[in-house]
Amino acid sequence: LSLSATASATAVGKSEQIVEAREIIRTYEKATGSKLHEGKTMVYRMGPTRNEKMTNKSIGVKFKIMEDEDSEAYLGDVIGNQVGEKTRFEPILSKVGKLADAWNKENIGIFGRSVVANTLMLAKIKHRADVNALSQTMKKKILEEFKTFVWKGKGKRARVKWQVMVREPKKGGIGIKDPICELDASKIRMLIRLLTRNRQPWMKWIERKLIRVAKRWEVPEAMAAKPTKKQIKELRESCIVESTLKTWIEIGGTWKEPKGEQKEEEQKDNEEKKTVTGFGVEHAKEWTPIEQLKTKLVYAILIEKRMKLKGYSPRKAHESIDGIQKKLTANERDYWWRMTHGLISVRKIESKWKKKENGEPVGSKCPMCDETEDREHYEYGCKDSEELRKRVAIRAGRQPPLISREEWALEVEVEEDMKMMIATARWIYHCERCKIDLGKRRRMNIKIVMQKLDRRLETAEEAKKKKEEVNKKRKEAANKRKEQANKQKEQLIII
């Protein structure tokens, strides 16, 4: 019975018990003054009752009797005997697509897209995927929505491998969560609650499914088993319990004989006792008991196992930028991420495909000098770039005024102030270069670049001082509250 306006349900074993349930609810109505809307309360038939002929007269109440093909929205999900994956997830994916289109109109960078994907987009799917199984086809659709959003449109080529994108920023990624790994990791909470929480009705259904798998494998406990590859492959993706069990085995979930004193949690249900100690996850020679298992750890294990990369090693610049990322603007962070992955477009590459407004191909010459602009020239070779390196070294007080190529690329360890100076100077230089390339400026003026750099660093210094003042005031306020609380305690003790 889906009770209207209360977001709750009551399960009855036989149709004759519906009248009894209504009488109990009527007693509750008299005691509280609330009222159940009988016309909006649904009778949802499951199992053998689907074949019963049921009318309002036969059940003795005016509740709406759902037909086999009907569906009902309940606690954010859609229930019904004919409800399939398409009915359940297609409307959600449509909303996710519209959300992505709306944010695509905003001027947000690659890291901003990561935040939107991890919070707004994933949240729309997660509440239903937590309690429903996903087919491989649906998983591909969900992943495609996220990739489409990150790269600003369908059909656009991914310029960095997804296995890199899901890594943290200091390892070259953008910190975006792989939606499939995140949804699979969340489902493990079902098994954790099964073994660590007090008895609830839904647990019997989960246990029955696990017992069936254990009988199939001829083992006493499915979660403690070490199945063969064939047995794992036979687990059904369409069953949420079996698909979650598959994830449990994938992350190294098993059972071990507890060491020392065995701790037990007694969960009473028909005088049953259940020992939860012993289940856990073994990964990288470390044992995590199921009572301490977190979704974050499960996700990290799944990423490690599913997102393997051969021949990839993050650049030192990723770690350098991550150390000062809070001081950089969003555009500066995006620029350095694109540059370290070789995504900044240079003339030598553009000349192969790009054309001017008049249809002529773009030349391969640097917009600031007559030399061919390849990536090496863009980063170090241009005379204006060399002049900027010299000016930045002078501003930093270096004698002689030199900055090595490795330092200019932040591939070696330098002081934090120097990192900030190089990171900002290169971004300003890139903006000025783009203006010349687009015909908005005739030539590069290093003096103007340095003036902009000085203003930018002054702004950063002011922001730092302001933040320190705010933190200082917060600490003072916290200390005052502690002193007042201690005085009140002393007065109570005296009384």
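## Two packed helices

In this predicted model, helix H18 (residues 416–437) packs against helix H19 (residues 446–494) at an angle of about 135°, and their axes lie 10 Å apart. H18 and H19 are therefore oblique to each other, and their crossing is right-handed. From H18 the contact draws on Met-420, Met-421, Thr-424, Ala-425, Ile-428, Tyr-429, Glu-432 and Lys-435, while H19 contributes Val-449, Lys-452, Leu-453, Arg-456, Leu-457 and Ala-460.

In soluble globular proteins, nonpolar side chains tend to be buried together. The largest nonpolar core here holds 71 residues, of which Met-165, Leu-245 and Trp-248 touch the most other members. Helix H7 (residues 179–196) supplies the largest share of this core, namely ten residues. If neighbours within four places in sequence are left aside, Met-165 is in contact with Ile-110, Val-150, Trp-151, Val-160, Gly-173, Ile-174, Gly-175, Ile-176 and Trp-337.

A second, separate core has 39 residues, among them Ile-324, Trp-427, Val-449 and Leu-457.

## An enclosed helix

Helix H10 (residues 240–250) is largely enclosed by the rest of the structure, because nine of its eleven residues are buried. These buried residues of H10 are Ile-240, Val-241, Glu-242, Ser-243, Thr-244, Leu-245, Thr-247, Trp-248 and Ile-249. Their cover includes H7, helix H8 (201–217), helix H9 (229–234), strand E7 (253–255), strand E8 (279–283) and helix H11 (295–306). After H10 comes Gly-252, whose phi is positive, near 90°.

Terms used:
Residues numbered from 1 in each chain as written. Predicted model: local features only at pLDDT ≥ 70, side-chain atom pairs only at ≥ 80, totals over all residues. Heavy atoms only, no water. Axes fitted to C-alpha atoms, helices over the stretch in contact; angles between N-to-C directions. Helix = DSSP H or I, 4+ residues; strand = E, 2+ residues; numbered from the N terminus. Parallel < 35°, antiparallel > 145°, perpendicular 65-115°, else oblique. Left-handed = near helix turned anticlockwise from the far one by under 90°. Contact = heavy atoms within 4.5 Å. Core = buried A, V, L, I, M, F, W, Y, C linked by side-chain atoms within 4.5 Å. Buried < 20%, exposed > 50% of the residue type's maximum accessible area, 1.4 Å probe, protein only.
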